[in-house]
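Have the sequence and the model open side by side.

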Amino acid sequence: MPSIDALADRLSTYLGGEQVNLVRRAYFYAEQAHDGQRRRSGEAYVTHPLAVANILADMHMDHQSLMAAMLHDVIEDTGIAKEALTAQFGETVAELVDGVSKLTQMNFETKAEAQAENFQKMAMAMARDIRVILVKLADRLHNMRTLEVLAGEKRRRIAKETLEIYAPIANRLGMHSMRVEFEELGFKAMHPMRSERIRQAVKRARGNRKEIVNKIEESLTHCLNREGMEGEVVGREKHLYGIYQKMRGKRRAFNEIMDVYAFRIIVDKVDTCYRVLGAVHNLYKPLPGRFKDYIAIPKANGYQSLHTTLFGMHGVPIEIQIRTREMEEMANNGIAAHWLYKSNEEDQPKGTHARARQWVKGVLEMQQRAGNSLEFIESVKIDLFPDEVYVFTPKGRIMEMPKGSTAVDFAYAVHTDVGNSCIACRINRRLAPLSEPLQSGATVEIVTAPGARPNPAWLNFVVTGKARTHIRHALKLQRRSESISLGERLLNKVLTGLNSHLDKVPADQVQGVLAEYRLEVIEDLLEDIGLGNRMAYVVARRLLASESEQLPSAEGPLAIRGTEGLVLSYAKCCTPIPGDPIVGHLSAGKGMVVHLESCKNISDIRQNPEKCIQLSWAKDVVGEFNVELRIELEHQRGLIALLASSVNAADGNIEKISMDERDGRISVVQLVVSVHDRVHLARVIKKLRALKGVVHISRVRA
Ligand code: MN
């Protein structure tokens, strides 16, 4: 039976006498406040806060955290006010107790939304004083250890909450030991049968593996001795919930998971870690691509270690972690090691502390951006799992990104404006595709241009919630404004043909039509027209309904300027360029697609005024337009270089090139070139014709 005296004895090993007395006082205060209350197990209630304080004492937490642990249920369960605690124990302790109480009031329901909100509260509390979370985690740990006394449904609810919220938080704060205990207890309470079955299977496997484990351990120890290095070799076993998750998530068989042998080598200092690594790589062959140096680049939760996988005797895979004793403590206790190592080793725990704060800050920012809680928890869920890459900004700032992130994700992580105006990137100083997944250690530089816009194709490869949200948002805005302006032009074109103009249509007439279509504002109507959901022709007739029933007279074609944006695209089948006779095909939701007048794909509907619209090119049309050329020429060396330099000399750009050999003498080259207009194309073709050996050039049209 733990007592306050026993705890006080333990505390005096690392706290001053004055501080130990304050903890005692808090205990007696709680004992009196909870007087008469009992736990479900029948024990006096005060045994619970005492146990929580003991857990925190294991982590060498400071006296204020321990006092808060003693008092953590006082406000909630006894009706004593926060002010009374402030008067008795000071502002800081009262604040801590108040913070823990607020988290306790979290109303967890199975609904994902409620879960998200709880999570947000937790993050807020952490931002104020991380000790609130540590006390809360200890509180939850003791409740999990004594979970059996609760009824089935309540037990499952608490277990689920522990697995979904508390275990990831412990993980995020680097508190491995606590996370594992949460998961094992939570798993057992949620799935008693599965947990038991895996436990039995592990027990059986342990017997079979014993011989091999001993052999490997011996040979590793022997190897260290031979090299004259001090190190402790320990065998590791995966915990039950970890095995269960692997079986479910990666769909691996139990035997497959158990076939891996895992060891940890704990040494005195960093230098030895690398020497041990060298030694074990000499002993067994390392598996390529599996070595990870988390010492040079620690994980986001502060974890440091070397990881490698070896082929042991008979090809048995052996996973090895090599780390110092301090790193081992960090790996087990994470942020709590901040208190454990307060006196010596200042740097490392501070780094962890800073990282945890950074994470909390990130969570809060994300929460402000995401409109609703569900969207928020989705983003957070991704971020809670530590599959990360670490990349650097050109100025050397380290950025932590989820695995698979691309330069576009990076750009949005740096700043929304950087993402929105990003046009290219350099990875390790060389130009690279924006879609390339980033590797840890890379330096990433984003090239931006004023007025640049997000590309819809980015949505196919970005992985972060932030990038996705912002790209969608920017595209939505852009598409709407472009649709509105195209819609307005389409509508005015028809109205002009009817001797009118949108400005001349009486306001009440416009309102009438909007009401009829159940639209709010004129922009909605114009957007619909621009997107091809409504025919300008029909809308114009409605707007002028009272005035006349006449058909549009000989209206001029609509001029294309090349700046219409997302609502206007150029048909891939016939690739029109300025100067070509064109028509527009309106397709619902997609806006307008520009075809050649002669394109076979639209020959059926060309005369239908509801589907096709006459177009012309504006005089000042801008942009680059792709055309495909087919060139027959005599085979010669360096042919592609010749073609490229000719196109280049005419200011054209080659977008794509492919070549077929027709017979030994003649080659056929398919060339996609981007040009400004027909005149420009003529210039390109002229240059190409001038090449020696060119037999025939034609423009390819479907
Ligand atoms: Mn409690």
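Arginine 630 has serine 698 in β20 as its bridge partner. The two belong to a pairing of β17 (residues 625-634) with β20, which run antiparallel over five bridges. Two strands count as paired if DSSP finds at least two bridges between them. Helices (H or I, at least four residues) and strands (E, at least two) are DSSP runs, numbered from the N terminus.

Before going further, a word on what you're looking at: this is a predicted model, where local features need pLDDT of at least 70 and side-chain atom pairs count only at pLDDT 80 or more, while totals for chains, interfaces and linings use all residues. Residues are numbered from 1 along each chain as its sequence is written, and side-chain values use heavy atoms, with hydrogens and water left out.

Back to the strands. β17 and β20 sit in an open antiparallel sheet of four strands, in the order β18-β19-β17-β20. At its edges are β18 (653-661) and β20 (694-699), each with a single partner strand, so one side of each has no neighbour in the sheet. On average, neighbouring strands here are turned by 20 degrees against each other, direction ignored. Lying across β17, β19 (666-675) and β20 is helix α27 (residues 678-689), which runs at about 165 degrees to β20. For such angles, axes are lines fitted to C-alpha atoms (for helices over the stretch in contact), and values run from 0 to 180 degrees between N-to-C directions.

Now look at the loop between β13 and β14, where you'll find aspartate 580. Is aspartate 580 buried or exposed? It's buried, with a relative accessible area of 2%; buried means under 20%, exposed over 50% and partly exposed in between (1.4 Å probe, protein chains only). Leaving aside neighbours within four places in sequence, aspartate 580 is in contact (heavy atoms within 4.5 Å) with Thr575, Leu596, Trp617, Arg678 and Arg699. The side chains of aspartate 580 and arginine 699 are also joined by a polar contact of 2.7 Å. That term means a pair of N or O atoms within 3.5 Å; within protein, one must be able to donate a hydrogen and the other to accept it, and residues adjacent in sequence count only if both atoms are side-chain atoms.

Next stop is the manganese ion. Its protein donors are His48 (NE2), His72 (NE2), Asp73 (OD) and Asp139 (OD), 2.2 to 2.5 Å away from it. Donors are N, O and S atoms within 2.8 Å of the metal (3.2 Å for Na, K and Ca); water is not among the atoms, so sites may look incomplete. Histidine 48 lies in helix α3 (residues 47-58) and aspartate 73 in the loop between α4 and α5 (74-78), so the pair ties together parts 25 residues apart in sequence. Histidine 48 is buried, at 1% relative accessible area, and aspartate 73 is buried at 5%.
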